[in-house]
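Me: I've got a new structure to look at. Can you walk me through it?

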Amino acid sequence: MVKHQPLQVYERQLCLSCITGIYGCRWKRYQRSHDDTTKWELLWSLILLLTFCLLLVWCYFWWEAHNDYNEFNWFLYNRSGEWSDGTVPILATTAAGFTYIAFLMILALCHVALGQQLNLHWLHKVGVSVALLTTVAGVISINQTWGQEWDIIPISLQATGPFLHIGALAAVTALSWIVAGQVARAEKTMFQVVVMLLYLSLLLGLYVMPIYITSPCIMEHASLKPRPDVIGLRGAPMLAPENTLWSFQRALQMNVTGLEADVAISVDGVPFLMHDRTLRRTTDIEKVFPERQMDEAALFNWTDLQQLNAGQWFLKDDPFWTVHMLSPHEKTLIANQSVCSLEKLLKLSSYHNSTVVFRLRRPPLEHPLYHSWINDTLHAVQQSGVPQNLVMWTPDEHRAQVRELAPGLIQTSVEKQSPQSLNQSGISRLLLRYNQASTREISDFSESYINLTLYTVNEPWLFSVLWCSGVSSVSSEAPHILKRRPQDYCLMWVTADLISFAVVVGIFIFQNYHMIRYRMSGMRSYNPEQIMLSAAVRRSSRDISVMKEKLIFSEVGNGVGSAEELYADNDCDYYTNQGISQ
């Protein structure tokens, strides 16, 4: 007579089947296992975790680099000669890759929570490898071509730190459900102690982290310095074509205190506003002078420059995705913009009593004014009638001569120097990129009466950080959105810590209470995924032989296969190998 445990029929577990099926293509009940994960699969789990962390940093980098997208696109334009938004494909592929890897990470955590063996399907392994290699290649490429942009991460953490702290707290708090379950079900005390110590150490570290974070935004509002002045860089280029008269008028409507422009000089001695070396991107030179479209802008005379349209490209290319926000009247004004002279900008600035900052670009060697460009530009400034105390003079060439001819100009440097060196040179203003001055250096310049202007500040969070740092002014392409006031983060941190602590304690209490009730009920736990047929076998060693059953209730109901066939599939003798009693 054969003694065995009766076969048990279980309901379908669609959620579990989807989790194991999507992750490892193990859709059938007999394919799943509660055995320990193999070392090879553990290695792939670590690779998956590494890829997730790297993609998380990569996503954060591009999210915060939004402040400098225009700088990145202009860099690509200089290399390719064609203007396009190069950030769109990067953001699309990054978002798709991160979503895919994050989804696999969630499935892996579900496996751990349900006690399932990790077994990543080979197609997913290929996908993880592609995501990892692509991200590494992207990091190397950015490091070689745009390495200075990595500074955005430590700077942005000063503003996003509180929100990242809350996100990390939420993630670790959610993990407490898995940790509490593993600790409650574990039979070895050492395992319980080690897991608890590791988890509590991580949680405690997150709780006290705000104490050790240094950020200028962690301050009392009473000690907050006045709001920095905003200078319109090339006007308001997100709302109007850059370096045009309408762009500067739009910037003045946003209550900017100054205007900044790029200045070149024509072959007949007229300074005009142009950022690029050529006229291809911001004019219609391809239609008016197609044979000269690759020539430098400074090699044109002023008569030819006045024939070019400097606004239609903005409506066509929509570089900042803002054309849809414009009224029909604004579009008409933009379509009729021409190349703007320095004289027009200075008169506009004088009328509104706003400061003017211009970066003067030296003409090419074959230019007739190659040696006299400083004097010619200075003469144009004096002829415009603008008060000298409104003009920030940035060229270092012949600065002493310029100071003699126009002593009222605000001498400004674009090269980082010590406050002592600037004071000795008679320079009262400094114009730097926002990543070139730390909070301490900003304070030093302020104490030395050096007015510091940082560029390019297009994001409210960056403006908020620099405001808290005490910078006196910023140069921006988006003066219309720089209105955010620094927030109070301390209360946010304390509240998040208290809520997290309460949730974690509640989860651990619930898990332990549930496990105690389960054990006291006298029920023996069985694994519905691995039904065992076992019986005592009369052997000298008194070993017990265990076999996995491959029978699914649906197959039993359909009459597919027999018990003898199942034993044969496992190389077992149905009548003699398992539990025969005399």
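This is a predicted model: local features need pLDDT of at least 70, side-chain atom pairs count only at pLDDT 80 or more; totals for chains, interfaces and linings use all residues.

Me: How much of the protein is buried?
Reply: Of its 582 residues, 46% count as buried.

Me: And what about the accessible surface?
Reply: That comes to about 30600 Å². Carbon and sulfur atoms hold 60% of that area.

Me: What share of the contacts links residues 24 or more positions apart?
Reply: 65%, taken over contacts with a separation of 6 or more.

Me: New topic. How many aromatic pairs are there?
Reply: The structure holds 18. One of them joins F52 and F98. That pair is stacked, with 5.6 Å centre to centre and 20° between the planes.

Me: Where do those two sit in the chain?
Reply: F52 is in helix α2, residues 39–64. F98 is in helix α4, residues 87–114. They are 46 residues apart, so the pair links distant parts of the chain.

Me: Why is the pair of F61 and W62 called edge-to-face?
Reply: Because their planes are at 80°, and over 60 degrees counts as edge-to-face. The ring centres are 5.4 Å apart.

Me: Are F61 and W62 buried or exposed?
Reply: F61 is buried, at 0% relative accessible area. W62 is buried too, at 1%.

Me: Which residues share an aromatic cluster with them?
Reply: W58, Y69, F72, W146 and W150.

Me: Which charges sit over rings?
Reply: Among them, R281 has its charged end over the ring of W83, 4.8 Å from the centre. R359 lies over the face of Y455, also at 4.8 Å from the ring centre.

Conventions
Residues are numbered from 1 along each chain as its sequence is written. Side-chain values use heavy atoms; hydrogens and water are left out. Buried means under 20% relative accessible area, exposed over 50%, partly exposed in between (1.4 Å probe, protein chains only). Contact means heavy atoms within 4.5 Å. Accessible areas come from the Shrake-Rupley method with a 1.4 Å probe; for residues, only the protein chains shown count as cover. Rings of Phe, Tyr and Trp (its six-membered ring) pair if their centres lie within 6.5 Å; planes under 30 degrees apart count as stacked, over 60 as edge-to-face and the rest as tilted. Helices (H or I, at least four residues) and strands (E, at least two) are DSSP runs, numbered from the N terminus. A charge sits over a ring if NZ of Lys or CZ of Arg is within 6 Å of the ring centre and within 35 degrees of the ring normal.
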